[in-house]
Amino acid sequence: MAVSLGGARPPRVDAKDLPPGVTDLVVAFGRAVAYFDPAIVEVAAGASPSEAVGKWLAAAPGASGSPARGARGAIEVPVFYGGAEGADLEEVARRAGLTAEEVVARHARPYRVAAVGFQPGFPYLEGLPEELQVPRRDTPRPRVPAGSVAIGGPYTGVYPNESPGGWRLIGRTATRLYDPRREPAALVQPGDTVRFRAIDRAEFDRLTVEPRPARRAAAADGEAVLRVVSAGAWTALHAPAPRGRRSAGAPAGGPMDAEAHRLACALAGGPVGGAAIEATLVGPVLEALRDVRLGLAGATPARLRGSRRIDLAAGQRLDLRALAGGARAYVAAAGGLVGLEGERLSDGDPIHSAPTEPADLQPTPEWWGPSATRRATLRLLAGPQSELLGPSGLDRLCRSAWRVGSQSNRMGLRLDGPPVSLAGAPPDESQPTCHGAVQLPGDGRPIVLGADAQTLGGYPIVAVVASVDWPALAQLRPGDPVRFEPITLAEAEHFRRLAERELALAIQGFRLRLK
């Protein structure tokens with residue numbers, strides 16, 4: 001869940017300083033948004049979790065005039081303008097009625113970071129001279145090199161990673177604006193000052209570093225316990241999302257169905273906060289490389305009768321291709337799995353476990369947990385732009401029958417159904433998003449954001465699926481029917497705490513049976 005504070009100065013709070021239950025803080029275009037888990041937030045008597053987080057946010061360092069900590073001087077970014085790196089520099093100059101040299105002279109100046117998002121570490125920089133404010137390209141480039149300095153409307157920015165993009169390229173820098181191995185990962189934060197400095201080709205070449213090795217080349221710790229015989233439709237490792245990723249412009253990540261993930265880890269006897277395999281729609285075939293104890297939860301093959309503990313001897317296989325009851329299955333190991341989280345696994349890949357003794361394959365008490373939930377009705381809260389639906393817009397959204405579209409993924413579920421029109425103009429600026437946010441694009445068909453949603457989005461957020469139903473959202477398959485049901489914030493917080501207690505009791509009961 002999230003609490004928003006408008007008209008705020010950029011708070012400066014490190015992830016390690018977030019209070020219990022608050023998972024992240026994002027500041028964008030004068031608005032601060034705190035993300036939290038209502039089941040964990042510490043509250044005073046008579047207060048609700050959202051009220052407690054709102055009070056903390058209003059008093060956070062730097063917000064609403066409170067003293068800021070860690071204020072930094074201007075961050076210098078050397079830029080080589082023009083050449084192949086600045087492919088649109090001449091076009092920008094022509095539109096502005098200037099020479100290329102005059103564009104560089106006007107652009108190489110200080111800017112204020114208004115937001116970080118779109119992709120990890122991407123800064124939206126305010127202060128671009130009006131004469132340089134040119135529209136984005138009609139057709140985005142399929143590939144923009146990392147480090148490209150670009151202009152888009154009233155903003156200038158730097159692409160931290162190679163990606164598609166429609167902004168006008170005027171130069172390139174060797175400075176890394178985002179590095180997940182660095183703390184903090186994002187070089188700049190909202191409220192910082194960035195100063196571009198023009199350099200020549202020789203200095204740019206000296207500053208340019210060799211590209212980092214491919215992620216798959218990174219060595220995994222621990223011992224290989226499983227081998228992917230067949231990877232299925234989409235299989236990857238996911239651990240609970242770390243705190244503070246959104247503030248760097250990176251998606252929160254983590255498992256789509258956090259309840260099934262935790263249950264799988266508990267069944268395996270490993271850490272509940274460890275990494276587990278997430279399989280989507282068509283699961284993998286896994287082969288044990290040594291004796292191993294696994295926990296399986298979520299959408300499981302019908303023959304396995306739901307969530308359970310599974311012991312495999314070396315050479316035995318677990319076939320998860322026929323998932324039933326939902327869209328996603330989770331597989332955890334006794335020692336916890338380690339590896340490159342979020343990267344798609346391929347046929348033949350080994351999967352490592354943290355060092356642990358081989359599993360004792362003596363018979364254990366049988367136990368089956370709940371199967372995946374494909375809840376056809378998702379409980380819905382009004383979003384920050386719900387007024388754009390008009391007086392009865394939210395009711396109309398809830399009365400309509402929807403189906404999950406085929407182009408759904410971890411970023412979001414696209415819904416097919418009767419288009420919903422807006423009664424007012426959508427916001428001009430991007431805004432912080434969250435898991436469960438219901439965006440309404442121009443075609444009037446909602447998109448419900450998932451765990452890998454971008455941190456900032458331009459489509460209006462008209463509603464938000466309550467966090468208690470995120471596991472059910474994760475288990476919906478393309479073609480499944482969906483309806484919405486409005487609830488209040490107090491009800492959403494109550495249902496979330498209740499679901500947390502029920503899951504904790506289920507895990508506790510299972511562990512007691514094994515003693």
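The points that follow are grouped by topic.

This is a predicted model, in which local features need pLDDT of at least 70 and side-chain atom pairs count only at pLDDT 80 or more, while totals for chains, interfaces and linings use all residues. Residues are numbered from 1 along each chain as its sequence is written, and side-chain values use heavy atoms, with hydrogens and water left out. Helices (H or I, at least four residues) and strands (E, at least two) are DSSP runs numbered from the N terminus; two strands pair if DSSP finds at least two bridges between them.

**Barrel**

- Seven strands close into a barrel with mixed pairing, in the order 24-31-28-29-26-25-32.
- From one strand to the next, the twist averages 40°; axes are lines fitted to C-alpha atoms, and angles run from 0 to 180 degrees between N-to-C directions.
- Strand 24 (residues 377-382) and strand 31 (residues 461-465) run antiparallel and are joined by three bridges, with Val464 of strand 31 as the bridge partner of Leu381.
- Glu387 is located in the loop between strand 24 and helix 6 (393-399).
- Glu387 is exposed, with a relative accessible area of 53%; buried means under 20% relative accessible area, exposed over 50%, and partly exposed in between, for a 1.4 Å probe and protein chains only.
- Glu387 and Ala423 are 36 residues apart in sequence, and their C-alpha atoms are 8.0 Å apart in space.

- Five strands in the order 19-16-13-22-21 make up an open sheet with antiparallel pairing.
- At its edges are strand 19 (317-319) and strand 21 (337-338), each of which pairs on one side only.
- Strand 16 (residues 285-288) runs antiparallel to strand 19 and is joined to it by three bridges; Glu287 has Arg317 of strand 19 as its bridge partner.
- Strand 12 (residues 193-199) runs parallel to strand 4 (residues 75-81), with six bridges between them, and Val77 has Phe196 as its bridge partner in strand 12.
- Strand 12 also pairs with strand 5 (residues 110-116) in the antiparallel sense over three bridges, where Pro110 stands opposite Arg195.

- Four bridges link strand 8 to the antiparallel strand 11 (residues 168-172), in which Gly171 stands opposite Val149.
- Four bridges also link strand 8 to the antiparallel strand 9 (residues 155-158), in which Gly157 stands opposite Ala150.
- Strands 8 and 9 form a hairpin with two residues between them, and Gly153 in the turn has a positive phi of about 65°.

**Helix 3**

- Ala100, Val103, Val104 and His107 are the buried residues of helix 3 (residues 100-107).
- These residues lie on the same side of helix 3 because they cover an arc of only 100° around the axis, the arc being that of the directions from the helix axis to the C-beta atoms.
- Glu101 and Ala105 are exposed on the other side of helix 3.
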